Amino acid sequence: MDIMGFREFCLSLPLAEEHTPFDEDTLVFKVGGKIFAFTGMIRFHWITVKCVPEEGTELCEQYSYVRPAYHMNKRHWIDILNDHDPPDEFIRERVRESYRLVIMNMPKRVQEEIIRAVEKTGYKLNPGRK
């Protein structure tokens, strides 16, 4: 997956927005004002996404292209290393899960509002999974 495909996929998620709050090279994707993914634009070598701690540990052990996130809480965030050529579907799956986790960890009132808006688009969030 290249940077444009990654960007297009992230922005295809309901209510997703892109920002560059850190610097001109770091592209950040948010839902409800919270980050669910980010990457470098100039050197698209990594993608950082949120994960369930136990799942993150398993992914790091299972795949050479997954490691604890460099600049984030290493229990809750992982890096997917693009220079190790991860499958596109793996990237999409991890981004979708990160998006879902971010929404499910919002305050209940905000969460319910976002879930209603997301579901109006026809997107299946699967909020029961943690």
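This is a short tour of the structure above, stop by stop.

**Before you start**

The model is predicted: local features need pLDDT of at least 70, side-chain atom pairs count only at pLDDT 80 or more, and totals for chains, interfaces and linings use all residues. Residues are numbered from 1 along each chain as its sequence is written, and side-chain values use heavy atoms, with hydrogens and water left out.

**Stop 1: the core**

Select Phe6, Leu13, Val31, Phe36, Val95, Tyr99 and Ile103. In the largest nonpolar core, which has 33 residues, these touch the most other members. A nonpolar core here is a set of buried Ala, Val, Leu, Ile, Met, Phe, Trp, Tyr and Cys residues joined through side-chain atoms within 4.5 Å. Buried means under 20% relative accessible area, exposed means over 50%, and partly exposed is in between (1.4 Å probe, protein chains only).

Now colour by element. Helices (H or I, at least four residues) and strands (E, at least two) are DSSP runs, numbered from the N terminus. Those giving two or more residues to this core are α1 (3–12), β2 (26–31), β3 (34–40), β4 (46–50), β6 (77–81), α3 (88–104) and α4 (108–120). Which element gives the largest share? That is α3, with 7 residues.

**Stop 2: Phe6 and its neighbours**

Centre on Phe6. Leaving out residues up to four places away in sequence, Phe6 touches Met1, Phe29, Ala37, Thr39, Phe44, Ile47, Ile91 and Val95. Contact means heavy atoms within 4.5 Å.

Next, select Ile91, in helix α3. Ile91 is buried, at 1% relative accessible area. With the residues up to four places away again not counted, Ile91 touches Met1, Phe6, Ile47, Ile80, Asn82 and Pro86.

**Stop 3: aromatic rings**

Rings of Phe, Tyr and Trp (its six-membered ring) pair if their centres lie within 6.5 Å; planes under 30 degrees apart count as stacked, over 60 as edge-to-face and the rest as tilted. The count comes to 11 aromatic pairs. Show Phe6 and Phe29. Their ring centres are 5.6 Å apart and their planes stand at 85 degrees, so this pair is edge-to-face. The pair links distant parts of the chain, with Phe6 in helix α1 and Phe29 in strand β2, 23 residues apart. Both residues are buried.

Move to Phe38 and Trp46. They also form an edge-to-face pair, 5.7 Å centre to centre with 80 degrees between the planes. Is each of the two buried or partly exposed? Phe38 is buried at 7% relative accessible area, while Trp46 is partly exposed at 24%.

Finally, select Phe6, Phe29, Phe36, Phe44, Tyr99 and Tyr123 together. They form one aromatic cluster.

**Stop 4: strand β4**

Two strands pair if DSSP finds at least two bridges between them. β3 and β4 run antiparallel, joined by 3 bridges. A hairpin connects them through 5 residues. Find Phe38 again: it stands opposite Thr48 in β4. On to β6, which runs antiparallel to β4 and is joined to it by 5 bridges. Here Lys50 stands opposite Trp77 in β6. Why is β4 largely enclosed by the rest of the structure? Because 4 of its 5 residues are buried.

**Stop 5: helix α2**

Select residues 53–62, helix α2; among them, Pro53, Glu55, Gly56 and Leu59 are buried. These cover an arc of only 160 degrees around the axis, which puts them on the same side of α2. The arc is that of the directions from the helix axis to the C-beta atoms. β5 (66–68), β6 and α3 are included in what covers these buried residues.

**Stop 6: the cysteines**

A disulfide is a pair of cysteine sulfur atoms within 2.5 Å. The whole structure holds 0 disulfides. For Cys10, the nearest cysteine sulfur, that of Cys51, is 16 Å away. Cys10 is buried at 0% relative accessible area. The sulfur of Cys51 lies 7.2 Å from that of Cys60, the closest cysteine sulfur, which is too far for a bond. Cys51 is buried too, at 3%.

**Stop 7: two loop residues**

Most residues other than glycine have a negative phi. Select Leu15, in the loop between α1 and β1 (17–19). Leu15 has a positive phi of about 65 degrees, and is partly exposed at 43% relative accessible area. End at Asp85, in the loop between β6 and α3. Its phi is also positive, about 55 degrees, and Asp85 is exposed at 64%.
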